[in-house]
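Good morning, everyone, and thank you for making the time. Please have a look at the sequence and the model on the screen, and then I will walk you through a few places in it.

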Amino acid sequence: MKKRIIIFAFLIPMLLLYFPMQINAQSDQWIWMKGDNNFNGNGLYGQQGVPSPINNPRARAIGTDWKSASGDLWMFGGIGYNSSGQEDYLNDLWRYNVATNKWTWMKGKNTTAAFSIYGTQGTASAINNPGARKQCASWTDLSGNLWLMGGIGYGGTNVWGYLTDLWKYNISTNEWTWIKGDTISNQPVVYGVQGAASANNKPGARYASTTWVDSAGNFWLYGGYGLNASGTTYGLLNDLWKYSPTTNKWAWIKGSDTLNGKGVFGTKGISAVANKPSARAYGIGWADDVGNLYLFGGSGNDTTSYGWLNDLWKFNVTTKRWTWLSGDSSVNKPAVYGTQGVGATTNKPGARSSNISWKDKNGNLWLWGGYGFTSNSIGFLNDMWAFNTNTNKWTWKKGDTIRNINGVYGIQGVAANNNNPGSRESGFSWADSSGNLWLFGGYGYDATHTITGRLNDLWKYTPGILLPVHLLSFKGEMNNHKVSLDWKVENEQNFDAYHVERSIDGRTFSEIGEIKSANLRTYTFVDDILKIQSSTHLQKKIYYRLKMVDIDGKYSFSNTIAISLTSEKSFTIYPNPTNGGFKLLANNGITKVEITDATGRVVFKKTYNTNGSINISTFNFDAGTYFVKVMDIDGSFSQKLLIVQ
């Protein structure tokens with residue numbers, strides 16, 4: 001970047017140069033952290049209980065995941081490939097340490113099709129282990145123990161089937177405990193009295209249910225595919241259950257006690273006793289910080305037929321009422337992506353199942369991928385969406401609007417805008433203690449193949465903040481020695497203020513002013529740039545950004561703009577006109593100054609070697625018009641000077 005010479009005391013209007021800069025180089029970017037960039041990897045187990053940088057789980061899908069109180073990410077089972085290359089069920093338990101970037105094989109077999117070892121109900125043992133299985137339910141209790149229930153796989157009788165067994169894993173002792181349920185497969189539901197907990201109640205054999213943990217530590221289970229109460233028929237379920245780890249009892253809370261129940265949507269945005277989602281499997285769920293449970297999509301029934309769903313529901317655990325928030329009341333609806341990064345009431349993910357979900361540290365709900373609908377076709381997806389629970393708006397954040405896309409892995413461990421996991425379904429997901437979102441494996445597309453397979457790649461995504469305001473533009477310009485900043489916005493809701501920040505290096509910012517939200521579309525802030533000048537140094541550029549803060553204290557930064565304080569082809573003389581002399585500042589070492597009169601005669605010529613202020617006397621000059629020529633290593637620049645006596 002070229003240096004220029006400029007007069008110290010005042011600045012004429014100058015050329016504005018502004019450009020966007022990424023404030024956080026990893027916000028809304030994927031990083032490929034571990035694993036293979038092609039499918040069907042065998043993994044490397046290493047020694048059980050010993051972390052290693054080369055350990056890696058084998059490729060798999062539709063298993064079980066947890067985050068422990070320590071922030072470690074845990075994963076169990078699923079379906080992968082055995083040593084003969086055939087699909088089979090897994091029961092290996094893995095721990096991933098976010099800080100060390102290492103996997104540890106903690107428990108279970110490094111082979112497939114292992115049977116359950118139940119031991120004594122309620123008694124932990126080092127030899128106890130759930131059998132190999134897929135699509136089981138999972139929870140983490142308030143003490144940090146990991147729980148799983150049911151799924152499809154191997155019970156304790158060497159028979160494959162639908163399971164009802166409930167297990168607890170104690171991280172500190174590395175032991176499993178069989179807590180509840182049956183050791184044999186394909187057992188029916190026992191509903192009991194709706195709303196009443198009982199030791200005899202049980203959800204029955206099922207898989208692909210949606211689960212939550214509420215703020216009181218209760219476990220919740222919704223739907224899935226399984227047996228009815230008579231044990232004679234399989235189908236989709238829409239029953240809602242609550243389990244108390246303290247009392248070890250299940251209670252049937254809501255929904256139908258029959259199969260394939262239709263939804264009762266009611267009015268969008270309004271809760272009602274009669275409202276209920278339809279029967280479904282492979283939906284996803286979130287629990288917010290005040291006890292509400294959210295349910296999205298899956299494969300199941302609308303009011304009349306079967307297909308893929310994109311309805312979003314909220315369940316209030318206090319009132320025990322469902323509210324239909326977003327999406328469609330019928331199946332197989334396409335996505336409406338809108339503008340990437342911009343929330344809108346018309347935006348909506350397409351109908352889908354087997355996608356994955358996270359909740360970020362600000363309470364926003366995120367979903368990714370799955371199998372379902374883009375705006376015009378159906379297939380494997382890799383689009384990233386965020387739902388703001390304050391504004392009830394979906395935002396398409398990342399990924400593609402078309403199906404069946406290969407992954408862009410980039411360099412392992414390095415974030416990049418172009419990085420993107422390949423389209424897939426049934427992956428594992430976690431949100432770590434720092435708010436990063438993690439994705440492992442699933443079934444879909446690797447970096448190069450045009451067919452699908454099972455994956456074992458581990459990805460990290462750092463989400464940007466969603467605020468109840470949309471920044472349309474942020475610009476600035478230099479006028480009359482001051483910087484005028486202007487920004488345009490829309491959709492200010494529950495928003496507090498814009499904090500204007502300035503930096504001399506583009507890295508370290510300090511606040512210089514605040515403008516409160518006034519529900520306007522355009523805001524302006526003026527900065528007196530001379531306040532940061534000194535007699536020995538003048539900035540070439542000044543950087544600005546906005547810190548946008550909502551009423552809950554959540555905030556996000558705008559793009560950064562850089563204001564150029566130097567002109568490409570001119571400089572300024574002060575004072576001008578002059579009757580005794582003028583001043584300029586030399587920032588470029590050796591500087592030549594030459595003054596000519598109106599006839600072209602040189603009346604002054606001198607070379608300076610300084611990075612400071614230069615004072616030039618004009619007392620011996622006649623009144624009239626002169627031209628000052630300044631020359632440095634970057635070239636020469638001229639300006640008219642008027643001398644008066």
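**A residue, some salt bridges and a cavity**

I would like to begin with L365, which has its place in strand β24, the strand made of residues 365–373. Please keep in mind throughout that what we are looking at is a predicted model. Is L365 buried or exposed? With a relative accessible area of 0%, L365 is buried, because anything under 20% counts as such. If we leave aside its neighbours within four places in sequence, the residues in contact with L365 are W286, Y294, W358, K359, W385, A386, F387, T389 and W394. One of these contacts, T389, is 24 residues away from L365 along the chain, and the C-alpha atoms of the two are separated by 7.5 Å.

Let me step back to the protein as a whole. Its secondary structure comes to 44 strands and zero helices, and 57% of its 645 residues count as buried.

Now to the charged pairs. How many salt bridges does the structure hold? There are 17, and I will take a few of them in turn.

In one of them, D182 is paired with K202, and the closest N and O atoms are 2.7 Å apart. Both D182 and K202 lie in the loop between β11 (175–180) and β12 (206–207), so the pair ties together parts that are 20 residues apart in sequence. D182 counts as buried, at 18% relative accessibility, and K202 likewise counts as buried, at 18% relative accessibility.

Another salt bridge joins the side chains of D311 and R280, at 2.9 Å from N to O. Here D311 lies in strand β20 (residues 306–316) and R280 in strand β17 (residues 280–281), so this pair ties together parts that are 31 residues apart in sequence. Both D311 and R280 are buried.

The salt bridge between D597 and R601 has its closest N and O atoms 3.2 Å apart. Elsewhere, D496, E514 and K516 are linked in a network of salt bridges.

The structure holds one cavity of 30 Å³ or more, and about 50 Å³ of space lies in the largest cavity. Which residues line the largest cavity? The lining consists of M149, T164, L166, K180, G181, K202, P203, G204 and W250, and these residues divide into four nonpolar, three polar and two charged.

How values were computed:
Residues are numbered from 1 along each chain as its sequence is written. This is a predicted model: local features need pLDDT of at least 70, side-chain atom pairs count only at pLDDT 80 or more; totals for chains, interfaces and linings use all residues. Side-chain values use heavy atoms; hydrogens and water are left out. On a 1 Å grid over the protein atoms alone, a cavity is a set of points where a 1.4 Å probe fits but cannot get out, and a pocket is an open set with protein on both sides within 12 Å along at least five of seven lines; lining residues have an atom within 4 Å of a point. Grid points are joined across faces, edges and corners, and a volume is the space filled by probe spheres set on the points. Ala, Val, Leu, Ile, Met, Phe, Trp, Tyr, Cys and Pro count as nonpolar, Asp, Glu, Lys and Arg as charged, and the others, Gly among them, as polar. Helices (H or I, at least four residues) and strands (E, at least two) are DSSP runs, numbered from the N terminus. Buried means under 20% relative accessible area, exposed over 50%, partly exposed in between (1.4 Å probe, protein chains only). A salt bridge is a side-chain nitrogen of Lys or Arg within 4 Å of a carboxyl oxygen of Asp or Glu. Contact means heavy atoms within 4.5 Å.
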